[in-house]
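The sequence and the coordinates are shown first, and the description follows.

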Amino acid sequence: MIRILVTYATQGEFVEIPFPPMIGNEEVQAGYLRTGIGKVKSAFHLTNALKDIKPDVVLNVGTAGTASHQVGDVLVCRSFMDRDLQKTAGLGLEWQIDAFPVPSESPLAGLWPGNALCNTGDSFLTVAEGMEGDVADMEAYAQAFVCKAMEVPFIAVKYVTDILGKNSVTQWEDKLAEAREGLRLFFTAG
């Protein structure tokens, strides 16, 4: 049995992913967890869920802004940075990590290819100036950190809803339905 825990921040980002009933010779069991917005809530709820569920992979799905891609792009993130902690890089704090990987022998290995960098912070990023990474969100780094500490593979799949610096908040709200459909199609095609 392959246990997949799908996390999402808000109800507006929830998408029921059409996983196949089997991957390889393994039956697929998917569960969903709404973590809430922000790093603290996300880390708290995910940590509690990991203790109970013990998934084979955590798959974070949701929306993100960008300065270097297009609205409608779907990026698979396996590298993460905390833009809030980056400001204290001189103190030796860890602010950039790679996710704990899916083991090569797992039937999940090779699914959802990509290695985008997700820039996470506790504020809704509305300016592109100084933005590092492919996409910006408010939860993925915290989830990647928790999963790495607990040795659970983690992947984030982000649908680009807004271009940073161009009316991001309004555009995000207007694009939620498109994001849900775009994410569903991404997983259907994969």
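Aspartate 82 is buried, with a relative accessible area of 3%. The model in which this residue is described is a predicted one. Aspartate 82 belongs to strand 5, which spans residues 74-82. Its side chain is joined to that of lysine 39 by a polar contact of 2.9 Å. When residues up to four places away in sequence are left out, aspartate 82 touches Lys39, Trp95, Thr120 and Tyr141.

**Helix 1 and helix 3**

The axes of helix 1 (residues 39-53) and helix 3 (residues 140-149) come within 8 Å and cross at roughly 30°. This crossing is right-handed.

How many of the 10 residues of helix 3 are buried? Seven are, so the helix is largely enclosed by the rest of the structure. Helix 3 is followed by glutamate 151, which has a positive phi near 55°.

**Cysteines**

A disulfide is a covalent bond between the sulfur atoms of two cysteines. In this model the count of disulfides is zero. Cysteine 118 is in no disulfide, and the nearest cysteine sulfur, that of cysteine 77, is 4.7 Å away. The cut-off for a disulfide is a sulfur pair within 2.5 Å.

Cysteine 118 is buried, with a relative accessible area of 0%. Cysteine 147 is also buried, at 0%.

**Loop residues**

Lysine 54 is placed in the loop between helix 1 and strand 4 (57-66). Its phi is near 50°, a positive value in a residue other than glycine. Lysine 54 is exposed.

Tryptophan 112 lies in the loop between strand 6 (96-98) and strand 7 (116-120). Its phi is near 55°, again a positive value in a residue other than glycine. Is tryptophan 112 buried or exposed? Tryptophan 112 is buried, with a relative accessible area of 8%.

Serine 104 is found in the loop between strand 6 and strand 7, and this residue counts as exposed. The C-alpha atoms of serine 104 and arginine 180 are separated by 29 Å, and the two residues are 76 residues apart along the chain.

The table lists the accessibility of individual residues discussed above.

| Residue | Relative accessible area | Class |
|---|---|---|
| Aspartate 82 | 3% | buried |
| Cysteine 118 | 0% | buried |
| Cysteine 147 | 0% | buried |
| Tryptophan 112 | 8% | buried |
| Lysine 54 | 52% | exposed |
| Serine 104 | 67% | exposed |

Definitions and conventions: Residues are numbered from 1 along each chain as its sequence is written. This is a predicted model: local features need pLDDT of at least 70, side-chain atom pairs count only at pLDDT 80 or more; totals for chains, interfaces and linings use all residues. Side-chain values use heavy atoms; hydrogens and water are left out. Axes are lines fitted to C-alpha atoms, for helices over the stretch in contact, and angles run from 0 to 180 degrees between N-to-C directions. Helices (H or I, at least four residues) and strands (E, at least two) are DSSP runs, numbered from the N terminus. A crossing is left-handed if the near helix is turned anticlockwise from the far one by less than a right angle, and right-handed if clockwise. Buried means under 20% relative accessible area, exposed over 50%, partly exposed in between (1.4 Å probe, protein chains only). A polar contact is a pair of N or O atoms within 3.5 Å; within protein, one must be able to donate a hydrogen and the other to accept it, and residues adjacent in sequence count only if both atoms are side-chain atoms. Contact means heavy atoms within 4.5 Å.
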